[in-house]
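Look over the chain and the fold before reading on.

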Amino acid sequence: MSDRIDLSGFADPWLVGYDAHGIQELITASNRPLAMLGASGTITRFDSYAASSAPVSVFAGGGRGVELVDGHDAAIARCRLLEAHYAEQTFGGPLSTAAVPLDRLDQAASLRWLRQRLELLADAARPPGHGYLAAYTRKSDQCADCGGYQATHESQRRDARGERVCLRCHAMTQRGRLASERSGEEIQSLLELAPHGQYLAALSLDGNNLGAFFEDLRTLDDTRRASGALKQVFSDAHAAASRAIGSRHVSLATGGDDIRLFLPQSLVLRYLDALIPELERTAAALAARPPFRGRFDRFGVGVGVVLADAHLPAKRLMEYAHDLEQSAKRHCRTNGPRSAIDFAVLTAGDASRIEPSLRRRGRKPLGFGETWEDALRDAAALARVPSSQRSLLFDEPADDCKEFGNQWRYQVARHAEWRAWYDATGREWRDAEAVVRDRPRAHHLDLLHFLAPDPRAAASTTAR
Ligand SMILES: [Zn+2]
């Protein structure tokens, strides 16, 4: 793709934009990694179809795109074609499209108008499956994979003989299998990512302030350059981090400027340790060049991570990870770190209700860099305190609770391990107030799960 967009051949240039809805739901509809791979590949293929069939493509990726078309009628026809093609490829997936005339002298105003029209349409998008997938009428006809639609095909999984799945799950599994055969990569089941009773990690990551960044761009050329460069930043950083964990993940990549994946709990830190510096490094290199100059040097990301039993629905885990990512991004906006992480650990008792309200009282997301590293250091020191003594910390009583304060001081006075924790983390246990105020918190307990190879062995003795 050339860097400059040539408008000279257009008598009446129109911008056409598209925006796919419910991509996350589509990808995680089935719990099967093969079907997830098939679904994310479907989005990537649709973007390349759009980019290669448009008269001029400004950008296309992650189920979003902007193109240039000559004339009003051609623009409307293009919208209908994109909608139909997307619906066919995703079995009724909703795609919003909009068209606006391009003001050659004020391209930013036209881009803004297009964005506003697409935003308005997003709320009115029809439900997925419309016209392609029938609702099941009897429980026995329910798709065994997604549970959403009428089953019409035999399941192809070896461990599910006799089960039946809907048209979409059937097709996505086939596409995923073809993709994995082509890449020569063996796709693991989510259960294989979490052997020996370990947790599965769902990770969701997105760049901060990218919306505002794109709104600031003045021309189609800048928009094309920026979107191409951003995609590259994310895919390069992910590729480097993926190598660091030996590709042990199921990635729901759609070629956009975000990252979603499932990986073993024991590899989360290694993945993030490789990813975040690489993202910040490549973004800083970009910041030296237009159109990024002066606006991209503090680029950062919000990350959400959920650790949970691998038998829980993948869709719910990813939704929760996404909620936590949003919370981390809010933290960056209001408190100022470049990048931040918010995380949760769902233990057996929480499994039936995956709700953001489960997050422990008063817990804030952690900024990457110092605060995150401090918290990991504090958690590592906590690992040396016998697990039977940690149970007092789970309920997060208020700091001014007298009864708890007394109980806590007694614990610390009685056990050398606790005093060692205060010493190791540079905290003061001799001061009656500081010992309560600066005690280990529930998030340190949660962070233990990121550190230990098999924390359940350690946690199982702890009453919760
Ligand atoms: Zn299905």
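Contact here means heavy atoms within 4.5 Å. Axes are lines fitted to C-alpha atoms, for helices over the stretch in contact, and angles run from 0 to 180 degrees between N-to-C directions. Helices (H or I, at least four residues) and strands (E, at least two) are DSSP runs, numbered from the N terminus.

This is a predicted model: local features need pLDDT of at least 70, side-chain atom pairs count only at pLDDT 80 or more, and totals for chains, interfaces and linings use all residues. Residues are numbered from 1 along each chain as its sequence is written, and side-chain values use heavy atoms, with hydrogens and water left out.

**Domains**

Domain bounds come from an automatic or database domain assignment.

| Domain | Residues |
|---|---|
| domain 1 | 13-122 |
| domain 2 | 139-183 |
| domain 3 | 190-368 |
| domain 4 | 381-459 |

Between domain 2 and domain 4, the C-alpha centres are 48 Å apart.

Two strands pair if DSSP finds at least two bridges between them.

Strand 1 (residues 13-20) pairs with strand 3 (residues 64-70) over 7 bridges, in the antiparallel sense. Leu 15 sits opposite Leu 68 in strand 3.

A second open sheet has 6 strands in the order 8-9-7-10-11-12, with mixed pairing. Strand 8 (250-251) and strand 12 (366-367) stand at its edges, each with a single partner strand, so one side of each has no neighbour in the sheet. Strand 8 runs antiparallel to strand 9 (residues 258-264), joined by 2 bridges. Ser 251 has Leu 261 as its bridge partner in strand 9. Helix 8 packs on this sheet too, touching strand 7 (200-207), strand 8, strand 9 and strand 10 (301-308), with its direction at about 15° to that of strand 9.

**Helix 8 against helix 9**

How do the axes of helix 8 and helix 9 cross? The axes of helix 8 (residues 220-244) and helix 9 (residues 268-286) come within 8 Å and cross at roughly 150°.
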